[in-house]
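Biologist: I would like to go through this structure with you, one piece at a time. Could we begin with a helix and its surroundings?

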Amino acid sequence: MVQNKAFLYKAVPDGWPVPGKDLSVEDIGFDETAPPPPGGFTTKNLYATYDPSQRGRMRDPSIKSYTPAMTVGKPVVSVHVLGKVLKSDTPKIKEGAIVLIKGYYTEEYSAVPESALDRTAVIDPKPGVPLTAYLGALGMTGMTAYGSLHEIGQPKPGDVILVSAAAGAVGQTVGQIAVQEGLHVIGSVGDDRKLDFIINELGFTSGFNYKKENISDAVKRLAPDGIDIYYDNVGGELLDVALQNMKDFGRIVACGTISTYNNSGASGAYGVKNYSSVVRKRLRWQGFIVYDPNIIRWEKERDEKVARWIADGSFKSVDFFTHGIDHAVDGFLGMLKGENLGKSILKIADP
Ligand SMILES: NC(=O)c1ccc[n+]([C@@H]2O[C@H](COP(=O)([O-])OP(=O)(O)OC[C@H]3O[C@@H](n4cnc5c(N)ncnc54)[C@H](OP(=O)(O)O)[C@@H]3O)[C@@H](O)[C@H]2O)c1
């Protein structure tokens with residue numbers, strides 16, 4: 001047996017997850033002499049993504065949602081795990097291949113069963129595209145951004161778009177796609193370093209720090225004629241202000257509500273006051289899940305365009321690493337608190 005540290009889900013959190021009680025890092029062991037599972041393969045894992053949706057899966061399993069609850073006592077399920085194949089019992093996956101496994105455990109080594117083959121892709125990075133881009137802009141994050149912006153946001157050159165959590169994984173991708181497509185792009189972020197990043201490195205038109213400036217004043221200052229598209233990653237007060245400042249026939253892409261994810265029950269939730277704008281302004285306001293057919297149908301276009309933009313240097317796939325599985329809990333909580341700039345990734349081992 002070799003050491004196999006795993007990011008463990010120990011108990012259902014009530015509000016913010018408590019390190020040690022709800023989440024921990026422990027050695028669960030790995031038998032490197034054992035054969036791979038029948039029809040499956042084993043991996044040494046290199047990276048695992050952090051995603052806010054993981055918090056939603058840390059719930060009482062009796063509460064139904066679009067993804068199943070995680071199992072207490074098992075490793076935390078990551079949206080993507082990227083690993084190097086050690087042994088394989090399937091001709092579809094060769095030893096030494098780099099594979100991207102959707103929805104798998106966060107651990108140093110994995111024995112992946114045959115049942116996970118349909119969510120495993122062999123990665124052969126295109127020239128000029130870093131491996132980790134397949135965890136972000138060319139992974140689920142980028143699919144979320146590209147598919148929903150086009151399907152629901154219906155962007156046109158010159159449109160004014162407001163993006164929340166703009167320096168995060170989805171936000172940086174939505175904003176850069178909008179820049180590429182000639183929109184006027186405004187970002188909302190939680191610190192000045194992120195503000196500098198979205199404007200000076202990603203090419204957003206403007207932005208504001210919602211922790212420093214009154215949100216309503218900021219939106220009126222930066223979009224005096226109103227907003228065509230609000231890309232909502234956070235819910236709460238910013239959604240309310242966006243509703244108030246939408247143009248007639250504007251679109252709201254309801255991607256996430258991270259401002260509510262660590263509330264204990266519904267009592268702490270912000271009550272939206274400007275709902276009547278939806279009718280008065282004839283808004284289109286639609287939620288989605290990235291795996292919906294109307295979102296996934298944009299995958300080929302996303303793959304071609306975003307890979308080309310990354311390779312020609314006009315699009316930045318920015319990663320924010322937590323180094324080492326020993327720090328897995330801190331990295332996860334840090335992402336929920338907003339410490340990340342770009343796509344949050346746990347680096348487990350060198351490629
Ligand atoms: N619908 C789907 O299928 C789908 C798929 C993927 C992601 N999502 C959603 O998209 C959103 C962004 O996800 P991501 O992976 O890109 O994460 P992320 O933006 O990289 O990280 C989360 C960010 O949220 C911001 N944040 C945290 N608490 C906040 C609060 N109380 N108010 C406002 N902002 C807050 C922080 O940035 P600041 O410092 O700027 O506050 C933090 O960096 C999440 O809501 C997620 O659930 C939805």
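Modeller: Please keep in mind that this is a predicted model. The buried residues of α3 pack against the helices α2 and α4 (192-201) and the strands β8 (160-163), β9 (184-189), β11 (227-232) and β15 (343-347).

Biologist: How many residues of α3 are buried?

Modeller: Of its 12 residues, 11 are buried, so the helix is mostly covered, a residue being counted as buried if 20 or more other C-beta atoms lie within 10 Å of its own C-beta atom. Among them are Ala169, Val170, Gln172, Thr173, Gln176 and Ile177.

Biologist: What span should helix α3 have, and how far apart are its end C-alpha atoms?

Modeller: Helix α3 covers residues 169-180, and at 1.5 Å a residue it should span 16 Å. The end C-alpha atoms are 17 Å apart, which agrees.

Biologist: Which residue just after α3 takes a positive phi?

Modeller: That is Gly182, with a phi of about 80°.

Biologist: Let us turn to the sheet. In what order do the strands come?

Modeller: The open sheet has six strands in the order β10-β9-β8-β11-β12-β13, with parallel pairing. The strands at the edges are β10 (206-209) and β13 (284-287); each has a single partner strand, so one side of each has no neighbour in the sheet. From one strand to the next, the twist averages 15°.

Biologist: How many bridges join β11 to β12?

Modeller: Five bridges join them, and β12 (residues 246-254) runs parallel to β11. Tyr231 stands opposite Val253 of β12.

Biologist: Which strands does helix α6 touch?

Modeller: Helix α6 (residues 236-245) packs on the sheet and touches β8, β9, β11 and β12. Its direction makes about 165° with that of β11. As for α4, this helix lies across β9 and β10, and runs at about 170° to β10.

Biologist: A change of topic: at what angle do α2 and α9 pack?

Modeller: Helix α2 (residues 140-153) and helix α9 (residues 299-311) pack at about 110°, and their axes are 10 Å apart. Angles of 65 to 115 degrees count as roughly perpendicular, and α2 and α9 therefore fall in that class.

Biologist: Which residues make that contact?

Modeller: On the α2 side they are Gly142, Met143, Tyr146 and Gly147, and α9 contributes Glu299, Arg302 and Val306.

Methods: Residues numbered from 1 in each chain as written. Predicted model: local features only at pLDDT ≥ 70, side-chain atom pairs only at ≥ 80, totals over all residues. Axes fitted to C-alpha atoms, helices over the stretch in contact; angles between N-to-C directions. Helix = DSSP H or I, 4+ residues; strand = E, 2+ residues; numbered from the N terminus. Parallel < 35°, antiparallel > 145°, perpendicular 65-115°, else oblique. Contact = placed C-beta atoms within 7 Å. Expected span 1.5 Å × (residues − 1). Pairing = 2+ DSSP bridges.
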